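Take a moment to turn the model around on your screen before reading on.

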Amino acid sequence: MSFHALDALTPAAVQALAQACQALITAEGQIEASPQESAQLTALFPLLVGAAWPDDVEQRIPIGLSGLITQRRQRQQVMQLLTLLAFLEPQLETQKVVVLQRLAEELSIEAEVVQDLEEVCRGHVLKAFGDLYRRTFHDLNNDGVVKGYSRFILPMLGIGIDHVHQSSYEALQNASPGSLGEALHHYYEHNGFPYPGSRRGLPYDYVATHDVHHVIGGYATDPDGELQVLAFSMGLFPDHALLIAIPPLMQFQMGIADPLAGSVAPTLKDQLRAPAFATALERGSAVIGPIRDMHWNFWTWIERPLDDVRHELNVR
């Protein structure tokens, strides 16, 4: 198992990537990596890169990394790996975030999102989350800030409830046995979750496909399952992987509350199981088909057998 795009890296690129990883977890020698961090790095590297951890890896950002890792898909997967490494320990360390920011700028991958992590390190949590929300509203749904927030707030007041999709969700109780629809109905019934777009639910355009990812991927809704479905979604949507990942990782790994999600998800700490996260990340990256559209109309698949859906989408 590995990221398919990273299989093609040259030996020099693999060495440089290892050096970037080592530079990150040690903040270029400013911090001593914990034994757990070092062990997880050497285990995760072959898992996602498809190459053994090399010998004699330096603790500084390699010169010319962007010249060795040139393809955008490779750079995205490198930044996903590096972001995972930045969250191995349950505290956000400024020196590591600075290194992550420099690597994101070097590779031209979501550097502005990493910059929000630097704001958190400075104690500007609300400012950072406000910017992350703005990016999420715009980049994922083409919403402005006012419209984005209103999607979350107005249904609580009985305004803007999504009645069209409510009837579709209610009809799931009659879905065919073994179908995606039956599994989705069980997901809501078993967990006691309100339907997306309902008065008590989160906005349809922001959570409906997330719930379907839980079902198709077979992920639970406890913190471990939420982190794994998060990784799965990062693999599905590499253009926005860090934007998708960072708020929940702060919520579940660092104990930094998300002002919006905190109302529906607990603020915990040290919940990340890196190997399981990496497996889900690689699994999502291998998926094919319309599920890779962030606004996939899964309703056209709702009566299909769940096993067939997984097979066609290459959800292994």
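Let's begin with Gln77, which lies in helix 4 (residues 72–86). Helices here (H or I, at least four residues) and strands (E, at least two) are DSSP runs, numbered from the N terminus. Before we go further, a word on what you're looking at: this is a predicted model, where local features need pLDDT of at least 70 and side-chain atom pairs count only at pLDDT 80 or more, while totals for chains, interfaces and linings use all residues. Residues are numbered from 1 along each chain as its sequence is written, and side-chain values use heavy atoms, with hydrogens and water left out.

Back to Gln77: is this residue buried or exposed? Gln77 counts as buried because its relative accessible area is 2%; buried means under 20% relative accessible area, exposed means over 50%, and partly exposed is in between (1.4 Å probe, protein chains only). Which residues does Gln77 touch, not counting residues up to four places away in sequence? The list is Phe3, His4, Ala5, Leu6 and Ser285, where a contact means heavy atoms within 4.5 Å.

Follow the chain out of helix 4 and you reach Gln91, in the loop between helix 4 and helix 5. With 36% relative accessibility, Gln91 is partly exposed. Now find Met250: this residue is 159 residues from Gln91 along the chain, yet their C-alpha atoms are separated by 9.1 Å.

You'll find Asp116 in helix 6 (residues 111–121), and its relative accessible area of 6% makes it buried. If you leave aside neighbours within four places in sequence, Asp116 is in contact with Ala128, Asp131, Leu132 and Arg135.

Val215 and Ile69 are 146 residues apart along the chain, and their C-alpha atoms are separated by 35 Å. Val215 is buried, at 9% relative accessible area. Setting aside residues up to four places away in sequence, Val215 touches Leu180, Ala183, Leu184, Tyr187, Leu306 and Arg310.

A pair of aromatic rings is described by the distance of the centres and the angle of the planes. Rings of Phe, Tyr and Trp (its six-membered ring) pair if their centres lie within 6.5 Å; planes under 30 degrees apart count as stacked, over 60 as edge-to-face and the rest as tilted. By this rule there are 17 aromatic pairs. Take Phe129 and Tyr133, a tilted pair with 6.1 Å centre to centre and 40° between the planes. Because they are four residues apart in helix 7 (residues 125–141), about one helical turn separates Phe129 and Tyr133. Phe129 and Tyr133 are both buried.

Tyr187 and Phe193 look like this instead: their ring centres are 5.6 Å apart and their planes are at 70°, so the pair is edge-to-face. Tyr187 is buried at 7% relative accessible area, whereas Phe193 is partly exposed at 33%. Both belong to one aromatic cluster, whose members include Tyr169, Tyr204, Trp296 and Trp301.

Next, a quick look at the backbone. Most residues other than glycine have a negative phi, and most peptide bonds are trans. Ala27, in the loop between helix 1 (11–26) and helix 2 (35–49), has a positive phi near 50°. Ser108, in the loop between helix 5 (94–107) and helix 6, also has a positive phi, about 55°. Ala27 is buried, with a relative accessible area of 0%, while Ser108 is exposed at 52%.

Finally, zoom out. The chain has 15 helices and zero strands, and 54% of its 316 residues count as buried. Its C-alpha atoms fill a box of roughly 60 × 40 × 30 Å along the principal axes. Among contacts in the chain with a separation of 6 or more, 72% come from residues 24 or more positions apart.
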